[in-house]
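Visitor: I would like to learn how to read a few features of a protein model. Could you take me through them slowly?

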Amino acid sequence: MPNDQSPESREPTRMLRLLADPELGGDLLLVGLALTAIIDHDLSWSCDIASIHHLAYGSRGPRVAIGAETREAETHWMNTRTARVLVDDIRRYRPPEPRRECLAPTPRKAACGKKATQFDWVTDWSTGEMRNLAACTKHHDWFIQQRKTNQETRPVVGEVPRPYANYGGVLARHFPEINWPKLWADLDPNWRPYPEREPVAPTTPTLRIVPEAPSKPAKPRAPRRPARPRLRLVPTI
């Protein structure tokens, strides 16, 4: 059968790109698919956390604004699964995972390698990035000296540069029309943008995810297409 589709129509849809992204999985993928359903397929009249939560997990739950005073902690949107997924995907710098082996140098080896009992990070004051510091019981003094030396070398004048972002922002790659910096600031009032190693192409956001559902629009939207009838198996006579 000849293929009558144009090259443009054969391009992967956003949903297929989400499914093909190796960094998307589990709850993050569910939230991404819910966003696709809202933005590309018009399955909700508003793009708020309540609607995303409903489409991703099937439970609408309370509509409480992030940062608002609540009567019960369980009803706060920051305690919903969807909000926690979005918070974890905030674009930011993330220190390396703690090392489990002692990093103290020895006369014979570059690092001791024994099981570490003390963990910390030291900062590269020229970049703001952090590196692991771990030591076993035998190298406790070395561990303390490394932390002390790191603090003593902190610049007295000028601010320490912010490290390059290295974590989060996966959904932002797939939904450039959403104002992600505004959402990240709503989710975490202490968040500030991090520099990027590869500057992101500038885009003009046209959508915004709001923590609570806005009031319904006064004018009704165009009627939706009728749902397809469900098939049901029946025994033959």
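Guide: Let us begin with burial: a residue is buried when its relative accessible area is under 20%, exposed when over 50%, and partly exposed in between, with a 1.4 Å probe and protein chains only. This is a predicted model, in which local features need pLDDT of at least 70 and side-chain atom pairs count only at pLDDT 80 or more, while totals for chains, interfaces and linings use all residues. Residues are numbered from 1 along each chain as its sequence is written, and side-chain values use heavy atoms, leaving out hydrogens and water.

Visitor: Is Cys-102 buried or exposed?

Guide: Cys-102 counts as buried, because its relative accessibility is 1%. Cys-112 also counts as buried, with a value of 6%.

Visitor: How many disulfides are found in the whole structure?

Guide: A disulfide is a pair of cysteine sulfur atoms within 2.5 Å, and the search of the whole structure finds zero. For Cys-102, the nearest cysteine sulfur is that of Cys-136, 3.8 Å away; for Cys-112, the nearest is again that of Cys-136, at 4.0 Å.

Visitor: What is the phi of Asp-42?

Guide: Most residues other than glycine have a negative phi. Asp-42, however, has a positive phi near 55°. Helices are DSSP runs of H or I with at least four residues, strands are runs of E with at least two, and both are numbered from the N terminus. Asp-42 lies in the loop between helix H2 (26-39) and helix H3 (49-57), and Asp-42 is partly exposed, with a relative accessible area of 31%.
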